[in-house]
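Please look through the sequence and the structure below.

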Amino acid sequence: MSASVSPQALHRRWRVQACARVLLFALPWSAVAMLAAVRAPGQALAWMALATSLVIAAAGFIRAWRLHDVRWLASTLNTHPQLDDSAELLLGVEPPASSMARLQRQRLLARWPLLDTATIQPKPRIAPRLWNLLAALACAAVVATWQRPLPEPLRRYLPPAIAQALGVQTPSITGISIAIDPPGYTGLPSRVVDSADLRVAEASRVRWSLQFSVAPAKAWLEFDNGPRIALQARDGRWQAEHRIERAGLYRIVAEPALPLAQRRLHRIEMVRDQPPQVRATQPGQSLNLRSAGQRDWPLAFEATDDHGVATSAELRIIQTNGDGENITSSERVVPLNGSGPPRKRRFTYVFDLARSGLTVGNDVIVQLSVRDNRQPRAQVVRSASVILRWPPDTIGMATGLDGLAQQVLPAYFRSQRQIIIDAEALIRDKRKFSADVFAKRSDAIGVDQHALRLRYGQFLGEEAAETRPLPTSDAEVAGSDTSAAHADEHAGANDPEDGATPGSRVEEMLAEVSHVHDLPEAATLLDPQTQGLLRRALREMWDSETQLRLGQPQAALPFAYKALRLIKQVQQADRIYLPKIGSELPPIDMARRLTGKRDGLAARSDAFVRVPGEPSPLEALWLALGPDRDAVPVQERMLDEASRHLRARGGDDDAALATLAAIDALRADQGCGECRAGLRQRLWRLLPTARATPTPRPLPTRVGTVELRNPVLTASGTAGHGAELAPYIDLAGLGAVVTKSVHADPWPGNPAPRVHQAVAGMLNAVGLQGPGVAAWLAHDLPPLLDAGATVVASIWGRSIDDYRRAADLLADAPAGVVAVEVNLSCPNVEDRAGMFAHSDDATESAMSVTAGCGRPRWAKLSPNAGDLLPIVDAAVRGGAEAVTLVNTVMGMAIDPVTRRYQLGNGGGGLSGPAIHPVAVRAVHDVAAARPDVPIVGVGGVTDATTAAELLVAGASAVQVGTATFADPRAPGRVAADLVDWCRRHGVGDVGELIGAIHGTRS
Ligand SMILES: Cc1cc2nc3c(=O)[nH]c(=O)nc-3n(C[C@H](O)[C@H](O)[C@H](O)COP(=O)(O)O)c2cc1C
């Protein structure tokens, strides 16, 4: 080789080669030492050997480096004849001092490129190195055949394949036997399984017994939720024991590591001990009314449990006495012994009505508490309440019909009258009493007045005292200290004798049994106008109370009288939102009835579910495992997040545990296609089901020439004269608001009571009370139009002239009044024989005089007419563009005890679910006979189904009436539900429904 590199570069190259040769000699021995360190019994020595060999190798390297310096190179080069023994000059070891030396250096430099250095390069000797290597390998082979387990941490993490290659035998599980002993009280048998995935009863004792191919150095069970339980070697098997208190995941771990497939997570599903179930089998319903002559009340309960019900149970009996503001309650607990097998016990008791002292208006409420046999702590469960009520004579409730309407406003005014009577008697007898006693008696009546005021206050959903403005100039200041007033309410006023007034005691009792302050929803029981009246009554009561408590009954009387008058007006209200109509029972938990507890009740907001913007960790992982991403390994972060999310779901969720195990399997082997598919499948089951998001679809409709937003309207007389329902529903969203029928002149209506609860509806005899058309136009209509409502004005009359005048007055009504409904179910004073709607002539005449209103007219007809067809023909002849079918059905209710009519007017009109079939029939028959006449159907519409039924019968639109007394939001709800109903039943256009029973009618 010619010296094409510089002498310095040549030096570097030869020097490195020389050092490498030294290392090549030493390192095989270091490797042998290392292997020995790994496997030698005296490891400390082996580690020292390794360290020494490495030190020797390093020292050899350094020495070789030093030896092969520039002088070594010069002497090596000088062996070449061409360099004239003066290579030092070339390498700069001896700087040329003389001109001769410089000349010689130039000569060497000129020769250098032509120099063949290969001839003088030191040659490595192969043989000793080869021998050295062979000797080292032989030693390594000897060391490697020593049978010793690998040490930590190598042992643990060394993949079994490498371990095997190194000749190390790793353990694998060759046998699993797990004994499961459920707790003794369950009566379940012990069993042995051969799978590491377990399903065990709560608190079972589990004993693992495992067999390994090679004894591991150590083995243990590693639980996902905490403990690490060592497996102990005994008789060739590895054993551990653990009591299972919760579901979870665990892994069998051994040193050296088990094969990958055996390192997976195993599931422990736990079957919880279910609490017992208890129900009353006799009586079969929760609310029961005492029947005449009933002396005892037999009760039977059935309690079931997965493992066993304790033989003893406790019957809690609460008895309420008195009514109105004088309710008291007593409670006792009766121990009962059950009969029958442990898993299904029967408990019976006979309540002795005679001995209990139960009287009219009282309730007995019973609940059975049973225990199961769970250990160490039994689970106690209380049945729903079963109630026996001794109905007061005045209650208009149908026997045995749970949840049906109740008298919403009890007749408390008798009490207000009583206060007046007492106050007047006190004034009369004033002379008989000392001033002190007089003041005390007056104060006592004041306490009664206080209690009565609070009783009425609950119907406003508020505490009456707080509505009273303070008698100071800061009365209007927002945030004034109502809490002080509140505290005062609860404490009662100061009592000179015992520090607690009768009032405070009464209030405590009321709070206990009826929870007077907790009734904000009661506010919806009264219409706004009635609420206003009641509020005024409460203020008068407050003044009356103040005077009475100051010992001035004389001064209290005017207020007390005024309160009585106002309460009477409240009683005359023609709108009271009844809590329930119809026979569909509400899901009432009677156990709460007297507790006042509201916990666990669904909040309104519960109905709304947030639509997640981001996919959840589970969804993200599911997407990442999609078939289109087959080859892409899932990020660890994603697996972590999904695991965290699943753990947060709670340890007992079997599906979550199985998914956690599947995540773990994938984490261990990202390339495992089966694991990917399995995990994806499990995740899918955990993803929230997609919520159907029906897009509300308008259901535009038409009645004759009148275009409506949708086919659901309010029924006349049930939505007030104006925007009465606006606080509850969006009136603009309805097809139209049909207002209460107004007469041309103001009209006082019928005497109270005006409404009465019937079994499946209500009776009313409001008597068409109203302000007259002019006042209606001025006061009631504007707020209704402001609320965005489409208005159909309803008019009525007692003579043909009344109808004419009422219609004429509407001529200038705003355009928002799109039609006029002429209520013909009215007595015709000119024809003593009956109603307008019962006579075709009267119907035609009344209709024809209403043309002056200048807008489409609908004739509202009565089902009491018998044959409706001639009446419909007459109405059309009179100019009706459509007919509204039907008005109320004539009805009556009598109190057999008092032998009086339930309604002030005697008879009344029946409405609600009871008359729905009557309405369907009327609409059906008229639609069949007069397909050309548009019909608005009304009668017992409470939901989308009843609305759709009327449409199918032939109505173009429907009205919702009595249902608003149970739920003022009913018309809006029916309209919204009808959209959904159409979607669910594949109805694309509401027109498809109209008259469908006859073949579609438009
Ligand atoms: C309290 C009450 C007042 C009513 N007032 C009127 C009225 O002023 N004009 C009228 O045409 N119908 C009146 N009706 C009858 C309703 O408009 C409707 O025709 C009847 O109640 C049947 O429908 P429903 O079962 O949905 O309530 C009244 C009904 C009730 C319950």
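**Strands, sheets and rings**

Thr884 stands opposite Val936 in β34. The model is a predicted one, in which local features need pLDDT of at least 70 and side-chain atom pairs count only at pLDDT 80 or more, while totals for chains, interfaces and linings use all residues. Residues are numbered from 1 along each chain as its sequence is written, and side-chain values use heavy atoms, with hydrogens and water left out.

Two strands count as paired if DSSP finds at least two bridges between them. Helices (H or I, at least four residues) and strands (E, at least two) are DSSP runs, numbered from the N terminus. Strands of a sheet pair through backbone hydrogen bonds, either parallel or antiparallel.

Strands β29 and β34 are part of an open sheet of eight strands, with the order β22-β35-β34-β29-β28-β27-β26-β23 and parallel pairing. At the edges stand β22 (712–714) and β23 (737–738), each with a single partner strand, so one side of each is left without a neighbour in the sheet.

Helices lie across strands of this sheet. Helix α23 (residues 840–848) lies across β27 (817–823) and β28 (857–861), and runs at about 150 degrees to β28. Helix α28 (residues 970–984) lies across β22 and β35 (957–960), at about 175 degrees to β22. Axes here are lines fitted to C-alpha atoms, for helices over the stretch in contact (heavy atoms within 4.5 Å). Angles run from 0 to 180 degrees between N-to-C directions.

A further open sheet has five strands in the order β2-β1-β4-β8-β7, and its pairing is antiparallel. Its edges are β2 (191–193) and β7 (232–234); each has a single partner strand, so one side of each is left without a neighbour in the sheet. On average, neighbouring strands of this sheet are turned by 25 degrees against each other, direction ignored. Strand β8 (residues 237–243) pairs with β4 in the antiparallel sense over six bridges. Arg207 has Glu241 in β8 as its bridge partner.

Now to the rings. The whole structure holds 10 aromatic pairs. Rings of Phe, Tyr and Trp (its six-membered ring) pair if their centres lie within 6.5 Å; planes under 30 degrees apart count as stacked, over 60 as edge-to-face and the rest as tilted. One of these pairs is Trp208 with Tyr250, which is edge-to-face, at 5.4 Å centre to centre and 70 degrees between the planes. Trp208 lies in strand β4 (residues 205–212) and Tyr250 in strand β9 (residues 248–255), so this pair ties together parts that are 42 residues apart in sequence. Phe223 and Tyr250 form a stacked pair, with 5.4 Å centre to centre and 25 degrees between the planes. Because Phe223 lies in strand β5 (residues 218–223) and Tyr250 in β9, the pair ties together parts that are 27 residues apart in sequence. Trp208 and Tyr250 are both buried, which here is under 20% relative accessible area, with exposed over 50% and partly exposed in between (1.4 Å probe, protein chains only). Phe223 is buried too.

Rings also meet charges. The charged end of Arg290 sits over the ring of Trp390, 3.5 Å from its centre. A charge sits over a ring if NZ of Lys or CZ of Arg is within 6 Å of the ring centre and within 35 degrees of the ring normal.
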